[in-house]
Amino acid sequence: MKKWFAVLMAGLLAVTAAGCGGSGDKKTSDGKLDRSKQFITVLTGPTSGIYFPIGGAFSKVVGEMGYKTSATATGATVENINGILTGKGEMAIAMSDSVIQCQDAFGAFEGKKKEPDLRVMMGLWPNVVQIVTTEDSGIKTFKDIKGKRVGVGAPNSGVELNARMIFEANGMSYSDAKVDYLSYGEAIDQIKNGQCDVAFVTSGLGNATIKELGTMKKIRFIPIDGEAIKNLTTKYPFYMPFKIPKESYDTEVDTPTAAVMNVMLVDKKLPDDVVYDLLTGIYSQKGLETIGASHATAKREITLDTGLRGIKGTSLKLHPGAEKFWKEKGKL
């Protein structure tokens with residue numbers, strides 16, 4: 001990988017392990033894997049979101065195993081998918097629904113070529129659709145969004161792909177609202193300033209930007225329930241019904257919604273023994289402790305028992321090295 005890609009972005013958590021570079025043989029003289037000759041770049045997400053600290057923790061685990069590694073802030077799912085396909089990273093966090101759409105060229109990727117080379121290594125945590133507004137907006141149901149100012153996410157981001165499907169599941173389209181293609185951080189900033197009414201946030205629970213909004217205004221989540229959740233999960237089975245517990249943001253009630261799993265993409269060209277080795281380190285006691293320390297969601301959701309959520313039963317394809325690992329663990 002080009003040297004410029006290893007330059008760390010400001011404030012980014014990255015770990016680089018000692019060892020010689022080089023693109024030659026990745027084995028030692030006795031045939032064992034030489035970790036020091038393999039570079040692993042982990043593509044994460046925006047610094048304001050949950051992908052960033054958790055992706056940085058994965059990079060830290062990989063570095064402590066002896067690999068050369070860096071973690072890079074990105075625009076999240078869609079940029080990460082493209083990064084894997086174009087060789088800009090070896091591991092990348094992405095939402096499973098976007099990966100499946102890209103792989104099979106439907107939905108937001110309609111009319112584009114299929115990408116059969118996408119591979120995954122493990123499931124991560126549920127990405128919860130959190131449609132946030134304020135109590136003083138008067139908005140209580142999705143139908144109330146009509147004519148309102150709505151931040152749906154950056155164009156073609158994972159958040160924005162979710163927003164399109166949820167509008168559809170409610171029998172509506174973007175033309176029914178005043179849609180603005182803002183990242184959820186930007187949209188929530190505009191809610192604070194009275195310039196936006198609703199923000200789509202698709203992330204783990206306990207999102208810092210939503211919590212910050214909650215310190216300034218009384219927040220409310222718009223539910224996805226009834227016919228809408230039925231329509232959504234029927235047409236797009238990678239969604240699952242979920243709820244936002246009232247304790248997550250100190251709201252008055254639990255809110256029914258939808259969630260999709262995040263998965264860890266891996267470069268198809270990465271050797272099988274490297275992927276197998278990476279998973280062994282990630283799921284070691286030390287690896288899980290490091291990842292769990294990065295965010296409460298990671299500690300709660302990333303375990304060996306949950307490692308194939310969002311993968312089994314879908315069209316996602318495991319990397320052969322990951323397939324070997326999961327078979328040996330009795331999960332396949």
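Predicted model: local features only at pLDDT ≥ 70, side-chain atom pairs only at ≥ 80, totals over all residues.
User: Are the rings of Tyr174 and Tyr181 stacked or edge-to-face?
Analyst: The ring centres of Tyr174 and Tyr181 are 6.1 Å apart. Planes over 60 degrees apart count as edge-to-face. The planes of Tyr174 and Tyr181 stand at 75°, so the pair is edge-to-face.

User: Is Tyr181 buried, partly exposed or exposed?
Analyst: Buried means under 20% relative accessible area and exposed means over 50%, with partly exposed in between. Tyr174 has 17% and is therefore buried. Tyr181 has a relative accessibility of 40%, so Tyr181 is partly exposed.

User: Which residues form one aromatic cluster with Tyr174 and Tyr181?
Analyst: Tyr174 and Tyr181 form an edge-to-face pair. Both also belong to one aromatic cluster, and the other names in that cluster are Phe142, Phe167 and Phe200.

User: How many residues apart in sequence are the parts that the pair of Tyr283 and Trp326 ties together?
Analyst: Tyr283 and Trp326 pair edge-to-face, with 5.3 Å from centre to centre and 75° between the planes. Tyr283 is in the loop between helix H9 and helix H10, while Trp326 is in helix H12, so the pair ties together parts whose separation in sequence is 43 residues.

How values were computed:
Residues numbered from 1 in each chain as written. Heavy atoms only, no water. Phe/Tyr/Trp six-rings, centres within 6.5 Å; stacked < 30°, edge-to-face > 60°. Buried < 20%, exposed > 50% of the residue type's maximum accessible area, 1.4 Å probe, protein only. Helix = DSSP H or I, 4+ residues; strand = E, 2+ residues; numbered from the N terminus.
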